[in-house]
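Here's a quick tour of a protein chain. Take a look at the picture, then read on.

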Amino acid sequence: PKVFNQIIGQGHSIGNHTFNHVNGWQTNALDYYENVRRCEREIASHGLTEPARVKLFRPPYGRVTRKQIKTLPDYKIVMWDVLSVDYNKNLLPEKCLKNTIAATRAGSIIVFHDSFKAEKNLVFALPRFMEHFSQQGFVFRKLKFEV
């Protein structure tokens, strides 16, 4: 809750990613929907409710079926075009940074993970990634969509 409230307080966008990081290709539509709703209730329990926010949804692993999408009409589904692979414990931080920079283009949505598994690569790569593109005149903005 402390980190969540800090993120909100700093003006960042937040979204739903399911409660248990479920794989859409291995989960039936009803269970998937219920997992999304459980996450939504958790978000709401921190005082963040409609219309204070746009309902963004990023499917775990990028795996979601058409049937599952149809159960989420109030969400803007957000995919990405660059995956940092920061969670790979065998990937050296320098290689994580190099790969992510090489794959990024103007308008890219890049996935970094704020997890213990990704910490080594995230702490090294993310600030250097942002510095690299900031020096080239890129601007980083929060996701914002009309619903």
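What percentage of the 147 residues of the chain count as buried? The answer is 32%, where buried means under 20% relative accessible area, exposed means over 50%, and partly exposed is in between (1.4 Å probe, protein chains only).

A word on the ground rules: this is a predicted model, so local features need pLDDT of at least 70 and side-chain atom pairs count only at pLDDT 80 or more, while totals for chains, interfaces and linings use all residues. Residues are numbered from 1 along each chain as its sequence is written, and side-chain values use heavy atoms, with hydrogens and water left out.

**Overall build**

- The chain has five helices and four strands; these are DSSP runs numbered from the N terminus (helices are H or I, at least four residues; strands are E, at least two).
- Reading from the N terminus, the order is α-α-β-α-β-β-α-β-α.
- The radius of gyration (taken over C-alpha atoms) is 16 Å, close to the 15 Å from the globule rule for 147 residues, so the chain is as compact as a globular protein of that length. That rule is 2.2 Å times the number of residues to the power 0.38.
- Along the principal axes, the C-alpha atoms fill a box of roughly 40 × 35 × 30 Å.

**The largest pocket**

- The largest pocket holds about 2200 Å³ of space. On a 1 Å grid over the protein atoms alone, a pocket is an open set of points where a 1.4 Å probe fits, with protein on both sides within 12 Å along at least five of seven lines; lining residues have an atom within 4 Å of a point. The volume is the space filled by probe spheres set on the points, which are joined across faces, edges and corners.
- There are 45 lining residues, and His12, Ser13, Ile14, Ile110 and Phe112 lie nearest the centre.
- α5 gives the largest share of the lining, five residues.
- The lining splits into 26 nonpolar, 13 polar and six charged residues. Here Ala, Val, Leu, Ile, Met, Phe, Trp, Tyr, Cys and Pro count as nonpolar, Asp, Glu, Lys and Arg as charged, and the others, Gly among them, as polar.

**Cysteines**

- Cys39 counts as buried because its relative accessibility is 11%, and Cys96 is buried too, at 0%.
- The whole structure has zero disulfides (pairs of cysteine sulfur atoms within 2.5 Å).

**Lys117**

- Lys117 sits in the loop between β4 and α5, and counts as exposed at 60% relative accessibility.
- Leaving aside residues up to four places away in sequence, Lys117 touches Asp86 and Tyr87 (contact means heavy atoms within 4.5 Å).
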